[in-house]
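Dear colleague,

Please find below the structure that I am handing over to you. My notes on what was found in it follow directly after.

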Amino acid sequence: MVRWVWAGVAGIGAALAVVSPARADLADETALAERYAPVVRLVAQTEECGYGEPYWPMDVDALFDQPTVALRGPWTGADLVKIGPTAPDLAGDLYEYHLDFPGNPLQPGCGYEQWADQITQGRLPTVYAHVATDPGAPGKLALQYWFFYAFNDFNNTHEGDWEMIQIVFDAGDAAEALAVTPAEVGYSQHEGAERADWGADKLALVDGTHPVVHPAAGSHANFFEDGLYLGSSGQQGVGCDDATTPTVELRPRVRTIPSDPAAAHREFPWIAYEGRWGELQTAFYNGPTGPNLKRQWTEPIAYTEDWRNRSYAVPAGGLLGTEATDFFCSALRTGSDTLRRTVDDPSQTLLPLALLLVVAALAIRATTWRPAAPLRVARRRAWGQVLAAAARMYLTRWPLFIGIAAVFIPIALVIAAVEAAVFGSASIAGIDTSGESGGVFASLAVAVAALLTLGGVGLVQAATARALAEVDAGRPIGPLRAYRMALGRFPALLGALAIAVGAVVLLGLSVALLPVAIWLAGRWALLAQAVELEGESVLGALRRSGRLVRRRWFKTTSLVVAGAAIALVLGPVLGMILIFGTDAPFTLVNVVAGLVYLLAMPFVALTTAYVYHDAVVREALAGDEDDVLPAQI
């Protein structure tokens with residue numbers, strides 16, 4: 001009996017000796033995962049379905065036994081396998097099967113946000129830790145944290161989103177890793193990742209061990225610092241990732257997936273799932289695969305070879321005109337939305353786009369473009385001839401008009417200095433700028449910048465109109481003389497511009513009065529020329545512009561808008577080309593785009609001046625049946 005008991009005890013001891021190393025490994029892995037658990041700072045959302053990040057790293061158990069979730073087959077989007085699948089249901093060989101959440105990822109609206117809030121109610125934000133080694137890199141250990149989000153609301157909207165960060169140790173197992181300091185860390189960003197040495201300035205740590213992660217709103221790409229990041233490749237993501245402040249800080253619960261596959265499959269059956277965690281859709285709108293099908297799950301150290309050393313933050317501001325980076329972000333967002341709507345319902349976008357192109361082609365074909373005849377300015381011109389004359393005048397006398405445009409350089413520098421003083425300083429004249437007084441200073445800075453910009457635009461318009469008149473009269477004229485002549489009537493011009501812009505802006509704040517604002521903007525488009533070339537007073541310039549534009553509102557407005565569009569779009573389009581085609585710093589790209597905008601401003605002024613002369617001649621020759629005066633050859 002004693003021998004039997006001893007044998008039993010010996011057998012139990014042997015069994016414990018077999019399982020205890022695995023238990024010890026899991027205990028070490030859990031301890032390691034808790035020690036370096038990330039601190040997540042999400043872009044704050046102040047109202048439901050508003051700006052910010054509505055999706056938190058979620059416990060995937062919320063998806064299981066959930067009657068609003070379906071498991072579908074790999075053949076079509078309608079192949080229903082089961083409603084409310086359980087975690088064990090996903091453990092089989094389900095290659096390219098799909099989980100399907102309620103909603104349409106191509107037209108997400110607010111539905112996914114409300115659904116995610118409903119199923120995660122009462123559950124803690126969660127990350128899944130995984131300790132992994134790489135057969136090709138002995139002596140290295142990777143500690144991974146996987147985040148699951150209910151929806152990806154970036155350019156490629158799709159249900160479900162898996163993201164991760166990875167910490168690398170010079171250690172053979174978790175026990176050794178607990179005794180050393182990490183070597184480096186990588187944050188996943190779209191198809192790639194960004195690295196940092198442990199202790200690098202850009203890596204923020206809480207309590208010395210918990211890395212701070214800034215997921216971008218919508219895309220959930222992970223960044224080391226808050227900011228707006230721009231990507232122009234598959235690895236970086238094509239678009240703008242917003243990880244700006246203010247943020248909401250989370251300390252997600254850590255659940256450790258054992259490194260032993262058998263133990264992992266027992267405790268987390270879904271880790272064996274080979275399907276997609278989101279609805280079957282076209283191309284990049286498809287749901288993502290899970291962690292176990294990613295390269296870094298089995299080759300975590302080899303994965304680090306492709307990590308980038310930095311991400312590219314968008315500059316906070318620029319000096320000249322519309323920034324190329326702003327245009328890049330807006331253009332890609334608009335293009336992505338249009339593509340998504342087209343994929344969902346081609347008739348919604350393709351038909352209106354086709355009609356727009358046909359109308360534009362007919363309009364271009366219907367107008368007269370030649371002869372351009374930039375001199376003898378006091379003549380009637382067709383729509384196309386106005387633009388052609390402005391372009392030819394600019395190109396034949398470009399030093400004159402570039403010199404006129406240069407006035408914006410000191411104006412831009414002054415604006416930049418004012419903004420730097422207000423937004424980059426903790427106090428001004430001993431007054432704290434971070435409290436209520438900060439709002440007053442910010443408003444003052446905006447007002448000063450607007451006034452300087454308004455004055456600069458008016459000066460360019462006036463100097464260009466004066467220079468064109470002098471060139472037409474055959475008298476010598478340079479940029480300085482043009483400005484000296486224009487400055488004599490600058491107070492009246494600034495007053496008229498202030499009234500016109502103020503009225504249009506105030507009326508434009510109301511949707512009901514927006515048509516009135518647009519009508520007035522066109523009606524007062526020629527006030528700078530009325531002041532400069534006819535000597536009108538502040539109110540007289542508004543009245544005179546209105547009389548000249550009467551019955552020619554559409555032609556006047558469309559020409560001014562066309563000229564302005566060329567000036568505003570040319571620089572940013574060039575900037576987009578530089579972003580995609582070169583590695584130029586974004587600050588340089590913005591400067592180049594701003595310079596192009598600055599150089600194009602006189603073209604807008606020339607276009608407006610030719611519109612003014614066309615209107616004056618038509619008014620003087622009212623009743624004459626000839627549509628266009630004979631052109632100078």
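In which helix is Ile577 found? Ile577 belongs to helix 18, residues 553-581. Helices (H or I, at least four residues) and strands (E, at least two) are DSSP runs, numbered from the N terminus.

Before going further, please note that this is a predicted model, in which local features need pLDDT of at least 70 and side-chain atom pairs count only at pLDDT 80 or more, while totals for chains, interfaces and linings use all residues. Residues are numbered from 1 along each chain as its sequence is written, and side-chain values use heavy atoms, with hydrogens and water left out.

The surface

Ile577 is exposed, with a relative accessible area of 53%. In these notes, buried means under 20% relative accessible area, exposed over 50%, and partly exposed in between (1.4 Å probe, protein chains only). Together with Leu568, Val569, Val573 and Leu574, Ile577 makes a nonpolar surface patch of about 370 Å². Patches are made of residues with over 30% relative accessible area and no salt bridge; like charges are joined within 9 Å, and nonpolar side chains (Val, Leu, Ile, Met, Phe, Trp, Tyr) within 5 Å. The areas come from the Shrake-Rupley method with a 1.4 Å probe, and for residues only the protein chains shown count as cover.

An open sheet of six strands has the order 9-8-7-6-5-16, with mixed pairing. Strand 9 (192-197) and strand 16 (253-257) stand at the edges with a single partner strand each, so one side of each has no neighbour in the sheet. From one strand to the next, the twist averages 25 degrees (axes are lines fitted to C-alpha atoms, for helices over the stretch in contact, and angles run from 0 to 180 degrees between N-to-C directions). Strand 5 (residues 126-132) pairs with strand 6 (residues 141-152) in the antiparallel sense over five bridges; two strands pair if DSSP finds at least two bridges between them. Ala129 has Tyr145 in strand 6 as its bridge partner.

Salt bridges

Side chains of opposite charge can pair when their charged atoms come close. A salt bridge is a side-chain nitrogen of Lys or Arg within 4 Å of a carboxyl oxygen of Asp or Glu, and the whole structure holds 21 of them. One of these joins the side chains of Arg255 and Asp61 (2.9 Å, N to O). Arg255 lies in strand 16 and Asp61 in the loop between strand 1 (39-43) and strand 2 (70-72), so the pair ties together parts that are 194 residues apart in sequence. Arg255 is buried at 19% relative accessible area, whereas Asp61 is partly exposed at 26%. Both belong to a network of salt bridges that links Asp59, Asp61, Arg123, Arg253 and Arg255.

Arg475 and Glu470 also meet in a salt bridge (2.8 Å, N to O); Arg475 is partly exposed at 44%, while Glu470 is buried at 4%. A further salt bridge joins Asp614 and Arg618 (3.0 Å, N to O). These two residues lie in helix 19 (residues 586-620), four residues apart, about one turn of the helix, and both are buried.

A loop residue

Leu293 is found in the loop between helix 4 (261-267) and helix 5 (295-298), and is partly exposed at 38%. Not counting residues up to four places away in sequence, Leu293 touches Tyr273 and Glu274, where contact means heavy atoms within 4.5 Å.

Yours sincerely
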